[in-house]
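Here's a quick briefing to read with the model open in your viewer. Have a look at the chain first, then go through the points by topic.

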Amino acid sequence: MGKNQQKPKTKDKGLITLLVILTLVGAVAGLIYLDTFYGAGRLQSYFSNVFQAKESGSGNGETVEAKGKIQLDESSRSSFAVFGSRFLLSTKDGVKYFNGIGDRKWNDTFNMTIPQLISEGSYAAVGDMNGKTIHVYGENGLMYTVQIEGTIIQFALNKNGYLSVISKGDTAYSVQIYNGGGTLLKGRIEESAGIFPLCSDVSDDNKSFAISYLDTSDIQPIGRVLFFYVNPDDSENLTDSMFAVVEKNDEVIPIIGFMQGGGLAAVSDRGIYGISPVGQETWNYPLENRLAQISLANKNYVVLAMGDSIANKDGREKGTICWIDSSGKEIASYKSGGMVDYLQASEHGVVIGIDKIYSGLKNSGRLAWSYRSASDVKDILPMEQLEQVMLVTKGEAIITEMKGTQTARPIVSPEGETESEDVEKTTDKKDDAPVEKKSSSEDTQKSDDQKQVKTGVAQ
């Protein structure tokens, strides 16, 4: 009897639940109806924004956490080169090399007005773009210093520490090539009126170097890339050691760089050209957009950020990032959706910036992370991987891990907190600061410590 008496109650509860659900559905439908026809869609817009924020992760995101930081003087012209987990800091007063935050290996002092830092492989060079001096460093300190007679225009390193320099004197331009010990191997003087050297680089096999020129002596400008042998034995029967020329009418070629495999990439205002080690053009990639940013830093790819379309050409969507391999093929692309004002390439991937939103892109074109900054960012440099970066602002540099969508407000995480270093206080020539004992895996890090920046150019 008891069981038979409870059945009607169960049915009543189910009926009540159903009525409540129907009432709620009706109320929501009524609100949507009223909102749509009388409320300008405000409720729909509100709920849509809420759900979109949850799906895209574009709400507050995760807060960036620092594993350590270095305080920087805004007037010091600080810049960094990274070598895997290690890094070098350059300021107007000198350079310091760190095994990690709080673990300074050595420092070297100088006085420069406008220091320009570049790096290649495990080497770095700092040149005074308002002076005549360039210092070249390896992981153990200063390797050599060169004094230039004219004003430095551009300089570049190869992976063996060879240096090429373009300078301007009172009446002529000069190009010098130095080996890894600082010995002058080649010198070239350009005195012809209307002919200007723009960029230079040395091949990684140390056998040749290239110079791009702009010839304005005729009605239309001519862009030329000249190839020279470094060693006298290779150029006994050649005039001025020159063995090849690539010429482009009505084009300017401001950027060149030797790539993986020994070929040279030449960037003009009309296209990208691939030139073989013997100086023959092997491919070209025509441009239908102006270039907002470009990098030859990853020697496997030329990375382009497209700007506005060129007049009378279809062009790509502004903000498209393209990866061009050593055979001239576009192997990946990414649509950023805006005008790219920052691009940093590395072997791990590419970091781009649009206003104050930065994104990490794999070399496959896949988005790995995004970061919204509340202040001006000078650099975001991938270190051991694309997600582990050095984030540099005017006042500090922090090492942090990027993941998903992150926001500003960097903080020092308790487990990784390290003591900040005032980069302007130490003025000793060599400072053998205490160094933590490194594991064997850290001792073999050198082979993986490949930084991307190749050339320094007067700005």
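Residues 20-59 keep a pLDDT under 50, and the model gives them 15 contacts beyond four places in sequence. Bear in mind that this is a predicted model. The protein as a whole averages a pLDDT of 82, with 75% of the residues scoring at least 70.

- Strand β4 covers residues 94-100 and pairs with β5 in the antiparallel sense, over 6 bridges.
- If you want a bridge to look up, take Gly94, whose partner in β5 is Thr109.
- The hairpin has 2 residues between its strands, and Gly102 takes a positive phi there, near 80 degrees.
- How enclosed is β5? Of its 7 residues (103-109), 5 are buried, so the strand is largely enclosed by the rest of the structure.

**Aromatic pairs**

- There are 10 aromatic pairs in the structure.
- One of them is Tyr173 with Phe196, an edge-to-face pair at 5.9 Å centre to centre, with 90 degrees between the planes.
- Tyr173 belongs to strand β12 (residues 173-178) and Phe196 to strand β14 (residues 195-202), so this pair ties together parts 23 residues apart in sequence.
- Buried or partly exposed? Tyr173 counts as buried at 15% relative accessibility, while Phe196 is partly exposed with a relative accessible area of 30%.
- Phe227 and Phe243 make a tilted pair, because their planes sit at 50 degrees, with the ring centres 5.9 Å apart.
- That pair links distant parts of the chain, with Phe227 in strand β16 (residues 222-229) and Phe243 in strand β17 (residues 242-249), 16 residues apart.
- Both Phe227 and Phe243 are buried.
- Phe83, Tyr97, Trp106 and Tyr137 come together as one aromatic cluster.
- Back at Tyr173, there's a charge to look at too: Lys168 lies over the face of the Tyr173 ring, 5.7 Å from its centre.

**Salt bridges**

- The salt bridge count comes to 15.
- Asp240 and Arg188 form one of these, with their closest N and O atoms 2.1 Å apart.
- Asp240 is in the loop between β16 and β17, and Arg188 is in strand β13 (residues 184-190), so the pair ties together parts 52 residues apart in sequence.
- On accessibility, Asp240 counts as partly exposed at 44%, whereas Arg188 counts as buried at 16%.
- Asp204 forms a salt bridge with Lys299, and here the closest N and O atoms are 2.2 Å apart.
- What does that pair connect?
- Lys299 counts as buried, at 11% relative accessibility.
- Arg270 and Asp250 also meet through their side chains in a salt bridge, at 3.0 Å from N to O.
- This pair links distant parts of the chain as well: Arg270 is in the loop between β19 (264-267) and β20 (271-275), Asp250 is in the loop between β17 and β18 (255-258), and they are 20 residues apart.
- Arg270 is partly exposed, with a relative accessible area of 39%, and Asp250 is partly exposed with 27%.
- Through salt bridges that share partners, Glu120, Asp204 and Lys299 are joined into one network.

**Around Thr407**

- You'll find Thr407 in strand β33, which spans residues 404-412.
- Its relative accessible area is 10%, so Thr407 is buried.
- Which spacing goes with Thr407 and Ala374? They are 33 residues apart in sequence and 7.9 Å apart in space, C-alpha to C-alpha.

Key:
Residues are numbered from 1 along each chain as its sequence is written. Side-chain values use heavy atoms; hydrogens and water are left out. Buried means under 20% relative accessible area, exposed over 50%, partly exposed in between (1.4 Å probe, protein chains only). Helices (H or I, at least four residues) and strands (E, at least two) are DSSP runs, numbered from the N terminus. Two strands pair if DSSP finds at least two bridges between them. Rings of Phe, Tyr and Trp (its six-membered ring) pair if their centres lie within 6.5 Å; planes under 30 degrees apart count as stacked, over 60 as edge-to-face and the rest as tilted. A charge sits over a ring if NZ of Lys or CZ of Arg is within 6 Å of the ring centre and within 35 degrees of the ring normal. pLDDT is the predictor's confidence in each residue, from 0 to 100. Contact means heavy atoms within 4.5 Å. A salt bridge is a side-chain nitrogen of Lys or Arg within 4 Å of a carboxyl oxygen of Asp or Glu.
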